[in-house]
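The exercises below are meant to be worked through with the sequence and the model side by side.

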Amino acid sequence: MKRQVSLEEISDGRLYGPNDMVRADCGGCEGCSACCMGMGNSIQLDPYDVFRLMSGLGCTFEKLLGSCVELSLSDGVILPNLMMKGEKEACAFLTKEGRCSIHAFRPGVCRLFPLGRYYEDGAGPKKEFRYFLQVHECRKEKRAKVKVSRWLDTPDLKRYERYVLDWHNYVESAAEANRRERGSEDEVRERVRGRSLELLNRFYREPYRMEEDFYPQFYERLGRSHQ
Ligand code: SF4
Ligand code: SF4
């Protein structure tokens, strides 16, 4: 989810690459589960997150919807996010003991935290992104230094980062196409809705071949049509 705040307000003022050391390691969280509660719709799921969830849980996207995942509007684009439930507004995957029940296949945002992604300013497709440390988000005060790539705990990080960038640019272009729509209110609403549903169907609802690599399937879908 995009945030309209300056980097200086929320970070230590530095940008990090995968080989940099960053003070992000909260040492297994030790009884804290604060960032798994009350997150609203901010833990967005990209297609790879959903692929990992479907593979790990052995279920379909439709099965995830309504039980642990919901759909929300973000910049005019409908995207799935982790659902927060109950009085504590806890993630559906948080156990009574305060642990993540899907740690091995948790979403990218959960792997990042308390890091965030920073995309360069300006219009048009982005060529790269960097990481930043969110200094006000994690409750643990004394965090250890850890290499960014180790913290992300994601196989084939180079390929993953390329995918993250391509997906970011795609969603941005859909949002931009929505903003450019002209016509009557009804016409604009209908075209924006059609674009959102097409994105949702193509990248989330249409079944993936779970026994195969995710990335070629994603890029086949990405190259299929234009907004
Ligand atoms: S707030 Fe920090 S210490 Fe607490 S669960 Fe989240 S990452 Fe772990
Ligand atoms: S998926 Fe796991 S790490 Fe992520 S919010 Fe839910 S319980 Fe926390």
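**Exercise 1.** In which loop is C29 found?

C29 is found in the loop between β1 (21–25) and α2 (47–57), where helices (H or I, at least four residues) and strands (E, at least two) are DSSP runs numbered from the N terminus. Before going on, note that this is a predicted model, in which local features need pLDDT of at least 70 and side-chain atom pairs count only at pLDDT 80 or more, while totals for chains, interfaces and linings use all residues. Residues are numbered from 1 along each chain as its sequence is written, and chains are lettered from A and ligands numbered from 1 in the order in which they are written.

**Exercise 2.** Describe the backbone and the exposure of C29 and E30.

First, take phi: C29 has a positive value near 75°, and E30, also not a glycine, has a positive phi of about 40°. For comparison, most residues other than glycine have a negative phi. Next, locate E30, which is in the loop between β1 and α2. Finally, count C-beta atoms, placed from the backbone, within 10 Å of the residue's own (buried if 20 or more others, exposed if 12 or fewer, partly exposed in between). C29 is partly exposed because it has 16 such neighbours, whereas E30 is exposed because it has 7.

**Exercise 3.** Which peptide bond is cis, with omega about 5°?

The bond joins F113 and P114, and P114 is placed in the loop between α4 (108–112) and β6 (115–119).

**Exercise 4.** Characterise the largest nonpolar core, and then the contacts of L82.

Begin with the term: a nonpolar core is a set of buried Ala, Val, Leu, Ile, Met, Phe, Trp, Tyr and Cys residues joined through C-beta atoms within 7 Å. The largest has 22 residues, of which V50, V69, L82 and C91 touch the most other members. At least two residues of this core come from each of α2, α3 (61–64) and α7, and α2 gives the most, with four. Then consider L82, which, leaving aside neighbours within four places in sequence, is in contact (C-beta atoms, placed from the backbone, within 7 Å) with I43, L45, C68, V69, C91 and P107.

**Exercise 5.** Which residues surround ligand 2?

The shell, drawn from residues whose backbone-placed C-beta atom lies within 6 Å of the molecule, consists of C36, I43, L82, C91, F93, L94, C100, I102, R106, P107 and C110.

Conventions
Contact = placed C-beta atoms within 7 Å.
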